[in-house]
Amino acid sequence: MQTHLRGRDLIGDLDFSKEEVETVLDVAFDLKRKRALGELHPYLRDKVLAMLFFFSSTRTRGSFEAGMAQLGGHAAFIESKTTQIAHGDTPKEIGEIFGRYFDGIAIRHVDWGVGNGYLNAVAKHSRVPVLNMQCDIYHPFQILADLMTIVEKKGRDLRRKKMVVSWAYAASYQKPMSVPQSLVLQMPRFGLDVVLAHPPEFKLMPDIMEQAREQARRHGAGFEVVDDMEAAFKDADIIYAKSWGAMVHTPDADEGARIISKYKHWITDERKMALARPDAIYMHPLPADRNIEVTDGVIDSAQSVVYDEAENRMHVQKAVMALTMS
Ligand code: CP
């Protein structure tokens with residue numbers, strides 16, 4: 001167990017070593033058990049977390065807020081538009097000033113080319129941990145919850161299990177690519193053979209791909225990229241299919257939307273799920289575009305673990321907050 005997490009930021013998935021992630025999982029399982037038994041666990045009594053949102057949220061806000069209360073502290077919801085950020089408060093002011101009021105600063109800022117830089121700029125000036133509630137590059141807490149869910153469903157030894165991280169069609173908006181990027185960085189460290197499937201225009205950031213390949217090499221896991229959703233699904237143990245935007249291919253949002261519309265057949269449906277192993281699980285971070293990105297038949301099936309993933313957000317976040325903010 002690695003115990004030197006007090007005061008640390010979690011902005012990118014690789015900020016914590018594999019051993020530190022294992023510690024987070026151990027603590028998260030303990031906190032989940034305590035909550036199930038009704039055992040109080042006020043590790044952060046009188047501590048306060050600032051939650052600064054530049055983008056909407058259902059799960060992230062709810063799970064951080066509930067988690068802080070269960071740890072004996074409080075979470076302050078701060079919608080960026082209600083602050084003076086538009087009138088001149090810089091990341092330095094947020095880091096310096098919130099760092100003096102609060103015991104941790106959690107931020108969601110997914111604007112392409114902006115969000116991650118903003119979090120790092122706040123962290124540079126903050127005396128308390130900065131936690132990434134999703135930026136344009138990473139969504140580390142989602143992936144910790146996904147890893148916890150996979151361990152619950154498939155066991156601790158994940159070597160030689162095939163995990164498909166697939167692009168999927170969605171019409172609503174160009175979604176951030178932080179989830180697939182965080183998945184390809186974190187999952188190979190735990191031995192999963194990752195197959196990344198996407199149409200040619202939906203490449204991930206080149207330096208993230210290089211780091212993902214390096215993690216796979218270092219941990220003896222497979223890492224393959226294909227452009228065929230059905231071929232990818234064959235014999236998979238885990239299907240994780242969601243939409244993301246074509247931001248690496250083009251910065252033009254209209255062109256991105258036109259490109260997305262070419263790939264309506266990239267939907268997770270019962271026929272494609274049948275190509276995977278019979279005990280394969282279906283994963284999605286939510287929100288999903290139902291019957292566009294994934295059919296009701298799949299997301300509501302016994303193979304779907306989407307609500308366990310959503311629940312586990314709270315347990316892993318409580319673990320990281322208890323370890324970094326105490
Ligand atoms: N998965 C996730 O981050 O959900 P929200 O956008 O609702 O927070």
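These legends walk through several views of one protein chain, a predicted model.

**Before you start: how to read the views.** Residues are numbered from 1 along each chain as its sequence is written, and side-chain values use heavy atoms, with hydrogens and water left out. In this predicted model, local features need pLDDT of at least 70 and side-chain atom pairs count only at pLDDT 80 or more, while totals for chains, interfaces and linings use all residues.

**View 1. The whole chain.** Let us begin with the overall picture. The protein chain has 12 helices and nine strands; helices (H or I, at least four residues) and strands (E, at least two) are DSSP runs, numbered from the N terminus. The C-alpha atoms fill a box of roughly 50 × 45 × 35 Å along the principal axes.

View 2. Of the 326 residues, 57% are buried. Here buried means under 20% relative accessible area, exposed means over 50%, and partly exposed is in between (1.4 Å probe, protein chains only). The accessible surface comes to about 13400 Å², and carbon and sulfur atoms hold 51% of that surface. Accessible areas come from the Shrake-Rupley method with a 1.4 Å probe; for residues, only the protein chains shown count as cover. As for charges, the mean positions of the 41 positive and 45 negative ones are 3 Å apart. Lys and Arg count as positive and Asp and Glu as negative, while His and the chain ends are not counted. Each charge is placed at NZ of Lys, CZ of Arg, CG of Asp or CD of Glu.

**View 3. Two domains side by side.** The domain assignment gives domain 1 (13-139 + 312-325) and domain 2 (142-309); such bounds come from an automatic or database domain assignment. In the contact between them, 28 residues come from domain 1 and 33 residues from domain 2. Contact means heavy atoms within 4.5 Å. The centres of the two domains, taken over C-alpha atoms, are 25 Å apart. Across the chain, 81% of the contacts with a separation of 6 or more are between residues 24 or more positions apart.

**View 4. The loop around F54.** Find F54 in the loop between β1 (48-53) and α2 (59-70). Leaving aside neighbours within four places in sequence, F54 is in contact with S80, I85, I107, R108, H109 and Y118. I78 is 24 residues from F54 in sequence, and the two are 9.0 Å apart in space, C-alpha to C-alpha.

**View 5. G99 in its helix.** G99 sits in helix α3 (residues 91-101). G99 counts as buried because its relative accessible area is 4%. Not counting residues up to four places away in sequence, G99 touches I94, I105, S126, R127 and V128. L44 and G99 are 55 residues apart in sequence and 16 Å apart in space, C-alpha to C-alpha.

**View 6. A buried lysine, K318.** Look along helix α12 to find K318. With a relative accessibility of 0%, K318 counts as buried. Leaving aside neighbours within four places in sequence, its contacts are L31, R35, H41, G67, Q70 and L71.

**View 7. S304 and its loop.** S304 belongs to the loop between α11 (296-299) and α12 (306-325). S304 is buried because its relative accessible area is 15%. Beyond neighbours within four places in sequence, S304 is in contact with Y282, V298 and I299.

View 8. Most residues other than glycine have a negative phi, and most peptide bonds are trans. D46, in the loop between α1 (18-37) and β1, has a positive phi near 70°. D46 counts as exposed, at 67% relative accessibility. D235, in the loop between α8 (229-233) and β8 (238-242), also has a positive phi, near 60°. D235 is partly exposed, with a relative accessible area of 45%. Finally, a cis peptide bond joins L286 and P287, with omega about 5°. P287 is found in the loop between β9 (281-283) and α11.
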